[in-house]
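Welcome! Open your viewer, get ready to select residues, and follow along one stop after another.

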Amino acid sequence: ALGFTLIYNATGIINFAQGEFVVLGGLFFFTFYQAWHWPLAVALLAAVLVVALLGLVVERLAIRPLRSQPVISRIIVTIGLSVILRGCAKLVWGVDARAVPPFSGDRSLQLLGAVLQVQYLWVLGLTALAVVAVRLFFDRTLVGKAMQACAINSEAAQLVGISVPRMVQAAFALSAGLSALAGAVVAPITFACYDAGISL
């Protein structure tokens, strides 16, 4: 949800490739954590950074050249990107769902007669942390304030020296990174599979 709103506020488009960014986060996390046996924190950070860099590339190569085109054209491009990213994920990771072990093992908690997997607490905790971090980013940093200015009025922001294309690119990177975090954290619950972005 944070990723969707960041892109929408920055560009006025709905990014239909957002689900693929989530999927890629889960698949890269699987590769780093499960296949390559990197430490949990390193694998999580690496997955977020790789997908954030992919967000930069997507904005630069697919969205920016169309910025003078109607919004519907850019939305259609995101649908095409979704298909391309899904196809690339299928080629690299195959069609099988990838199992990622829970961050804290298979432990569960008994809570008021219900059994709760500890991984759900990771999801809730990292979601809350991401929301707070994004809020602080927009309230306390110059880049965050510049991104807000572009979302409110891009022409006025440009008149005071803010580079609107760079802020849009930053929004894509931040959005993709947040999506990757989501994909990595839910991968132990839902598995990581190349075509899960469609449902998302």
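Before the first stop, a term: a residue is called buried when its relative accessible area is under 20%, exposed when it is over 50%, and partly exposed in between. Keep in mind, too, that this is a predicted model.

**Stop 1: two cysteines.** Select Cys88. Its relative accessibility is 41%, so Cys88 counts as partly exposed. How far is the sulfur of Cys193 from the closest cysteine sulfur, in Cys88? The distance is 15 Å, too far for a bond. A search of the whole structure turns up 0 disulfides.

**Stop 2: the core.** Next, select Phe29, Phe172 and Leu181. These are the residues with the most contacts inside the largest nonpolar core, which has 53 residues. Helices 1, 2, 3, 4, 5, 6 and 8 each supply at least two residues of this core. Which helix gives the most? That is helix 8, with 12 residues. Zoom in on Leu181: leaving aside neighbours within four places in sequence, Leu181 is in contact with Leu44, Val48, Leu126 and Ala130.

**Stop 3: helix 1.** Colour residues 2-11, which form helix 1. Its buried residues are Gly3, Leu6, Ile7 and Thr11. Turn the view to look down the axis of helix 1: the buried residues fall within an arc of 95 degrees, so they line one face of the helix. Show what covers them, and you will find helix 2, helix 4, helix 5, helix 6 and helix 8 included. Just after helix 1, look at Gly12, which takes a positive phi of about 80 degrees.

**Stop 4: charged pairs.** Side chains of opposite charge can pair when their charged atoms come close. The count of salt bridges here comes to 3.

- Select Glu20 and Arg86, whose side chains meet in a salt bridge at 3.4 Å, N to O. The pair links distant parts of the chain, with Glu20 in helix 2 and Arg86 in helix 4, 66 residues apart. Glu20 is buried at 1% relative accessible area, and Arg86 is buried at 18%.
- Move on to Arg64 and Glu59, where the N to O distance in the salt bridge is 3.3 Å. Both Arg64 and Glu59 are buried.
- Finish with Asp139 and Arg135, joined by a salt bridge at 2.8 Å, N to O. Both lie in helix 5, 4 residues apart, about one turn of the helix. Asp139 is partly exposed at 31% relative accessible area, whereas Arg135 is exposed at 54%.

Methods
Residues are numbered from 1 along each chain as its sequence is written. This is a predicted model: local features need pLDDT of at least 70, side-chain atom pairs count only at pLDDT 80 or more; totals for chains, interfaces and linings use all residues. Side-chain values use heavy atoms; hydrogens and water are left out. A nonpolar core is a set of buried Ala, Val, Leu, Ile, Met, Phe, Trp, Tyr and Cys residues joined through side-chain atoms within 4.5 Å. Buried means under 20% relative accessible area, exposed over 50%, partly exposed in between (1.4 Å probe, protein chains only). Contact means heavy atoms within 4.5 Å. The arc is that of the directions from the helix axis to the C-beta atoms. A disulfide is a pair of cysteine sulfur atoms within 2.5 Å. A salt bridge is a side-chain nitrogen of Lys or Arg within 4 Å of a carboxyl oxygen of Asp or Glu.
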